[in-house]
Amino acid sequence: MSIIKKPSLSFWQIFNMNVGFLGIQYSFGLQQTAINPIFLYLGAPEEMLPILNIAGPVTGLVVQPIIGAMSDKTWSARWGRRKPYFLIGAIIGSLCLFAFPTSPVLWFAVGLLWILDVGNNMAMEPYRAFVGDKLPEKQLSLGYQMQSLFVGAGILLANGSIVLFQYLFGGDSIEVAGEIPQWLYYSFYIGGILSLTTILWSVFKTPEIPPSDIELTEINRTKSLPLNRRVLEPFTEIGKAIKEMPSFMWRVGAVYLFQWYALFIYWQYSTPLFKLTMGYTTSEAASQSAQMSLTYNIATMVVALALVPLTLKYGGKKIYALSLVGTALALFAIPFISDPFLVLAPMVLFGIGWAAMMGIPYTMVSKVVPQDRRGVYMGILNMMIVIPMGIETLTFGPIYKYLLGGNAINAILFAGVFFLISAVLAMRLNVSKAN
């Protein structure tokens, strides 16, 4: 396989390339903070929250590796390789965000979540490969930590808008069973606009690198196959890639199993936690949860690029593992703080962890997978995210109800223990040995 020489890009070129991640992550920020309160508004019992969120894991498991494999075998002189996919995904996500707050009943909101997740996953997976395609190895850490910065910025804006609109318009509103409050609409409308406009910015600002002659020959071979073979080709490629997957990625999968299971617990049960520890209504607890997310994403934005020299000096696995320990400590502290301002302090540690989670593993994996199969391997890496989420949605409801006594405090402590386990497993990640 011939290797394409990649020129170094300027800071602002890397910035423009990643702007589209802002809209994608704004949408994910709404999913983390606003979707579960909407389910509660529409009458969902707390123990049903995990299973109602199964759309994310299932669509991620199916969509991301397929889109990754398809984008590896795509090339258009006008639109590129990855751009068509994250543009279509952004359009789907934008339409869903405009529709979501008008959901009349629970099943309608759950159905929209499925479609929204398809759009978000379709947009996000090629974006991970897009950065790896464009940047030489020496700039990969900067590229993925820049994505981490936009992860923080997008979620920060989403949660900031929830806090702002609840403060401006939600204080005097009366909660009505089965109705979503009007103040929550505005955050979704902003997300629908950002989802599309930021993707368009990156599409028009960043040209893709054409494939090598060998890659182009393979792309044309795929195009010449009969339709039934072309439909099966991504599945064949995924199976082959899993069979030949570097052992390093299996070790990342072990870390992800505990890390993402724990994250899903936190996102689902932060609102019920504040109803319990602070005696809040659902709206007040949702706003407090948004403030928590706001705080940790500010920390993520501040430290994301600072992690680049630290990982180069001390190694990715040490910084990653330490950040996971800090996240565990944050979750151990939160349930025992009843002051709404003091409880924000542990989220600084959570934000540092979130910055590392969103950048360091992708940098590591991008260095050990083949250039011409980066799309499918980034899709498989994201399978390793959604499989633990899927396991959580199927298993944690009974655990919460029968083992943890239906108590949100115990749920958050349970997540903290899982973060400690993931930190221990992260110390096994060694890129040089994988290479």
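Lys and Arg are counted as positive and Asp and Glu as negative, whereas His and the chain ends are left out of the count. On this basis, the protein chain carries 28 positive and 21 negative side chains. The centres of these two sets lie 13 Å apart. The structure described here is a predicted model.

The secondary structure of the protein chain consists of 19 helices and zero strands. The radius of gyration is 21 Å, close to the 22 Å that the globule rule gives for 435 residues, so the chain is as compact as a globular protein of that length. Along the principal axes, the C-alpha trace spans about 65 × 45 × 40 Å. Of the 435 residues, 61% count as buried. Among contacts with a separation of 6 or more, 85% are made by residues 24 or more positions apart.

Two polar residues in helices illustrate how side chains are placed in the model. Ser27 belongs to helix α2, which comprises residues 20-41. With a relative accessibility of 1%, Ser27 counts as buried, because the limit for that class is under 20%. A polar contact of 2.9 Å joins the side chain of Ser27 to the side chain of Asn120. When residues up to four places away in sequence are not counted, Ser27 touches Leu97, Leu116 and Asn120.

Asn121 is located in helix α6, which covers residues 106-134. The relative accessible area of Asn121 is 3%, and the residue is therefore buried. The side chain of Asn121 makes a polar contact of 3.3 Å with the side chain of Thr59. Apart from neighbours within four places in sequence, the residues in contact with Asn121 are Gly56, Thr59, Gly60, Val63, Gln64 and Pro126.

Ala285 is found in helix α12, formed by residues 282-303. This residue is buried, with a relative accessible area of 0%. Once residues up to four places away in sequence are set aside, Ala285 touches Thr271, Phe274, Lys275 and Tyr280. The C-alpha atom of Ala285 is separated by 7.2 Å from that of Pro272, and these two residues are 13 residues apart along the chain.

The segment around helix α9 was also examined. Pro211 is situated in the loop between α8 (185-205) and α9 (213-223). Although placed in a loop, Pro211 has a relative accessibility of 12% and counts as buried. The C-alpha atoms of Pro211 and Arg81 are separated by 8.7 Å, while the two residues are 130 residues apart along the chain. Ile214 lies within helix α9. At 44% relative accessibility, Ile214 counts as partly exposed, since that class lies between the limits of 20% and 50%.

Definitions and conventions: Residues are numbered from 1 along each chain as its sequence is written. This is a predicted model: local features need pLDDT of at least 70, side-chain atom pairs count only at pLDDT 80 or more; totals for chains, interfaces and linings use all residues. Side-chain values use heavy atoms; hydrogens and water are left out. Helices (H or I, at least four residues) and strands (E, at least two) are DSSP runs, numbered from the N terminus. The radius of gyration is taken over C-alpha atoms; the globule rule is 2.2 Å times the number of residues to the power 0.38. Buried means under 20% relative accessible area, exposed over 50%, partly exposed in between (1.4 Å probe, protein chains only). Contact means heavy atoms within 4.5 Å. The place of a charge is taken as NZ of Lys, CZ of Arg, CG of Asp or CD of Glu. A polar contact is a pair of N or O atoms within 3.5 Å; within protein, one must be able to donate a hydrogen and the other to accept it, and residues adjacent in sequence count only if both atoms are side-chain atoms.
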